[in-house]
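Q: I have a structure open and want to go through it piece by piece. Can you take my questions as they come?
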Amino acid sequence: MTATSANNSASVFRLSPLIRVTLLSLYLALTAPLPFLSQVTAAPVPPALLWVGISVGLVALYGVLTERVILDDQGIQVTYPVWIPRFFRKGWFLPWSEVKQLKPRSTGQGGLVYYFLSKDGKAYLLPMRVVGFARLVQIVQAKTGIDTTDVRPLAQPWMYAILLLFTLLLFVVDAWTITTALAT
């Protein structure tokens with residue numbers, strides 16, 4: 001899948017569907033059994049309150065996963081839909097003329113992420129989990145003149161595919177847990 005064009009001069013990149021489905025599924029697999037277990041164990045937190053919390057969390061996670069990256073002649077912008085409160089995720093815009101360099105930083109897990117450094121010293125995380133990442137970095141190189149040859153995504157698709165597979169196995173365990181909880 002390639003990035004879509006909003007018009008001739010703007011390219012819009014969305015979060016990979018594989019990543020979105022995997023993370024939403026993992027969230028549901030980890031939280032769905034909780035209200036049933038709460039009911040069976042007579043926990044002090046009522047199941048209805050857990051369902052409300054799970055629902056709010058699911059909406060918040062979905063909101064985070066609706067990130068869009070827009071590259072146009074003026075700069076790079078990370079945006080979220082209007083229904084996402086700005087205090088939760090406000091996004092950012094960086095004009096191409098303000099980009100000083102693209103700096104790699106190692107993560108705690110040993111991977112590399114990249115930050116745009118602006119002329120005023122601010123750092124902006126390069127979105128790395130979008131469909132068409134290779135095209136995104138080509139556009140960044142064309143607009144800024146920064147060599148992006150060595151820039152690679154943080155996680156490869158096969159990593160999310162494996163996580164999705166294990167999440168599906170977790171759903172099987174969830175089904176057994178919920179069935180057992182309802183039978184008691």
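Q: What does tryptophan 83 touch, leaving out residues up to four places away in sequence?
A: This is a predicted model, and in it tryptophan 83 touches Val59, Tyr62, Gly63 and Thr66.

Q: Where does tryptophan 83 lie?
A: In the loop between β4 and β5.

Q: How far is the C-alpha of tryptophan 83 from that of glycine 63?
A: The two C-alpha atoms are separated by 8.3 Å. Along the chain, the residues are 20 apart.

Q: How many residues of β4 are buried?
A: Four of its five, so β4, residues 75–79, is mostly covered.

Q: What links β3 to β4?
A: A hairpin, through three residues. The two strands run antiparallel, with four bridges between them. Leucine 71 stands opposite isoleucine 76 in β4.

Q: Which residue is the bridge partner of serine 11 in β3?
A: Leucine 71. The strands here are β2 and β3 (residues 68–71), which pair in the antiparallel sense over four bridges.

Q: Why call β2 largely enclosed?
A: Because four of the five residues in β2, residues 10–14, are buried. The rest of the structure encloses most of the strand.

Q: Switching to the other strands. What's the order in the open sheet of three strands?
A: The order is β6-β7-β8, and the pairing is antiparallel. β6 (99–106) and β8 (123–125) stand at the edges. Each has a single partner strand, so one side of each is left without a neighbour in the sheet. From one strand to the next, the twist averages 35°.

Q: How many bridges join β7 to β8?
A: Three, and the strands run antiparallel. Strand β7 covers residues 112–118. Tyrosine 115 stands opposite leucine 125 in β8.

Q: Helices now. At what angle do α2 and α3 pack?
A: About 165°, with their axes 8 Å apart. Angles over 145 degrees count as roughly antiparallel, and α2 and α3 are therefore roughly antiparallel to each other. Their crossing is right-handed.

Q: Which residues meet there, between α2 and α3?
A: From α2, Leu34, Pro35, Phe36, Ser38 and Gln39. From α3, Pro47, Leu50, Trp51 and Ile54. For your viewer, α2 is residues 33–41 and α3 is residues 47–64.

Q: Then α2 and α5, roughly parallel or antiparallel?
A: Roughly parallel. They pack at an angle of about 25°, with axes 9 Å apart. Angles under 35 degrees count as roughly parallel, so the pair gets that label. The crossing of α2 and α5 is left-handed. In α2, the contact is made by Pro33, Phe36, Leu37 and Val40. In α5, the contact residues are Asp174, Thr177, Ile178, Ala181 and Leu182.

Q: What do the buried residues of α2 pack against?
A: α1, α3 and α5 (157–183). Pro33, Pro35 and Ser38 are buried in α2.

Q: What happens just after α2?
A: Alanine 42 takes a positive phi there, about 55°.

Q: Now serine 25. Where does serine 25 lie?
A: In helix α1, residues 17–31.

Q: Is serine 25 buried or exposed?
A: Buried. Its relative accessibility is 15%, and the cut-off for buried is under 20%.

Q: And what does serine 25 touch?
A: Leu164, Thr167 and Phe171, not counting residues up to four places away in sequence.

Q: Last thing, confidence. What does the pLDDT of the protein average?
A: The average is 91, and 96% of the residues score at least 70.

Q: Where does pLDDT stay under 50?
A: Over residues 1–7. The model has twelve contacts beyond four places in sequence for that stretch.

Q: How should I treat coordinates where pLDDT is low?
A: Where pLDDT is low, the predicted coordinates should not be read in detail.

Methods:
Residues are numbered from 1 along each chain as its sequence is written. This is a predicted model: local features need pLDDT of at least 70, side-chain atom pairs count only at pLDDT 80 or more; totals for chains, interfaces and linings use all residues. Side-chain values use heavy atoms; hydrogens and water are left out. pLDDT is the predictor's confidence in each residue, from 0 to 100. Contact means heavy atoms within 4.5 Å. Buried means under 20% relative accessible area, exposed over 50%, partly exposed in between (1.4 Å probe, protein chains only). Two strands pair if DSSP finds at least two bridges between them. Axes are lines fitted to C-alpha atoms, for helices over the stretch in contact, and angles run from 0 to 180 degrees between N-to-C directions. Angles under 35 degrees count as roughly parallel, over 145 as roughly antiparallel, 65 to 115 as roughly perpendicular and the rest as oblique. A crossing is left-handed if the near helix is turned anticlockwise from the far one by less than a right angle, and right-handed if clockwise.
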